[in-house]
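Good morning, colleagues. Please look at the display as I speak.

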Amino acid sequence: MPSLSRHDPKIKIPNPFLVLVNAMLAQQDVSLNSSTMESPDSPAAAYPPRPTNATPAQYLDYERGLWNHFLLDAAWRRTRFNAQPNALLVEAVRGRATGMALDVNMGEGRNALYLAQHGWQVTGVDIADKALAFAQQRAQQLGVLLTTVEHDVTTYDWGSSQWDLLVLCYADESTHVASVQAALRPGGLVVLENFHRDATHTRGSASGQVIGFATDELKSLYSAAGFEIIRYEEPIGVADFSRETHRLVKLVAQKPKVAASADR
Ligand SMILES: C[S@@+](CC[C@H](N)C(=O)[O-])C[C@H]1O[C@@H](n2cnc3c(N)ncnc32)[C@H](O)[C@@H]1O
């Protein structure tokens with residue numbers, strides 16, 4: 001029987017995603033620098049503190065372990081996690097022709113699996129190998145094809161005019177405009193949801209770092225890159241990932257169907 005999965009174990013340089021994790025944990029009065037960090041609502045599922053003076057490789061290993069832990073922890077999933085597909089994504093693809101989709105920082109596959117079930121050919125990239133394996137297991141249970149790639153997104157080659165849909169759902173702190181611009185086919189869609197800059201204050205950051213996207217930042221950058229902004233909102237609402245209420249940023253943007261001509 002042919003394999004339903006493809007798993008590419010290339011690697012690895014860190015990204016600044018720790019700040020999001022710290023903010024998530026800070027809301028529970030827990031920091032990665034704490035010596036007693038535990039999963040919320042699951043004291044038995046303790047997680048070790050972040051190593052001090054970590055090298056980039058150690059940092060990435062720590063991130064991988066942290067997300068492997070939280071994304072698969074039964075108590076965290078039950079009480080803090082939204083296992084349903086992201087509502088913005090569901091609305092954005094409704095009635096749209098299917099095609100090739102890349103789910104950046106896919107996690108445990110809630111969005112990728114939804115797309116695969118609705119006819120998309122989906123690739124999910126993430127560093128959390130156990131979360132990827134979880135997604136593959138679910139894909140097989142559901143009888144859908146899902147390609148998973150274990151790779152650091154900061155060094156991952158997104159390709160050129162390759163995707164009809166890019167999903168950046170609580171992915172990281174980067175706008176990814178250049179990568180999205182290059183990787184989408186003409187007419188392709190990017191769906192991005194994450195925290196607004198205001199969440200820096202409402203979530204709190206143990207490290208004191210700024211998180212989220214500034215007012216109109218994504219709209220301006222994607223507009224300047226030639227995208228049609230199909231939807232842009234900055235509501236205060238429940239994050240469609242970890243069930244926290246903060247100001248959010250929601251973007252749906254389309255790459256032009258025909259490349260702009262310099263002659264006109
Ligand atoms: C907040 S979760 C979001 C998961 C998923 N997009 C969702 O909405 O359910 C962030 C994900 O980013 C992944 N991640 C963090 N740093 C990464 C990196 N440098 N490269 C690839 N994935 C990374 C984590 O493993 C985790 O699965």
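This is a predicted model: local features need pLDDT of at least 70, side-chain atom pairs count only at pLDDT 80 or more; totals for chains, interfaces and linings use all residues.

Helix H2 packs against helix H6, residues 129-142, with about 40° between the two axes and a separation of 7 Å.

Which residues of H2 meet H6? On the H2 side they are Arg64, Trp67, Asn68, Leu71 and Leu72. Their partners in H6 are Asp129, Lys130, Ala131 and Phe134. Sorted by class, this contact holds 5 nonpolar, 1 polar and 3 charged residues.

H2 also leads us to the ligand. The shell around the ligand draws its largest share, 3 residues, from H2. Both H2, spanning 56-72, and helix H5, spanning 110-117, supply at least two residues of that shell.

In total, 21 residues surround the ligand. The closest are Trp67, Asn105, Gly107, Ala128 and Val153; Trp67 is also one of the H2 residues that meet H6. By class, the shell comprises 12 nonpolar, 5 polar and 4 charged residues.

Finally, the protein as a whole. It contains 9 helices and 11 strands. Of its 264 residues, 41% count as buried. Among contacts with a separation of 6 or more, 65% join residues 24 or more positions apart.

Thank you for your attention.

Key:
Residues are numbered from 1 along each chain as its sequence is written. A residue is near a molecule or strand if its C-beta atom, placed from the backbone, lies within 6 Å of it. Helices (H or I, at least four residues) and strands (E, at least two) are DSSP runs, numbered from the N terminus. Ala, Val, Leu, Ile, Met, Phe, Trp, Tyr, Cys and Pro count as nonpolar, Asp, Glu, Lys and Arg as charged, and the others, Gly among them, as polar. Axes are lines fitted to C-alpha atoms, for helices over the stretch in contact, and angles run from 0 to 180 degrees between N-to-C directions. Two residues are in contact if their C-beta atoms, placed from the backbone, lie within 7 Å. A residue is buried if 20 or more other C-beta atoms lie within 10 Å of its own, exposed if 12 or fewer, and partly exposed in between; C-beta atoms are placed from the backbone.
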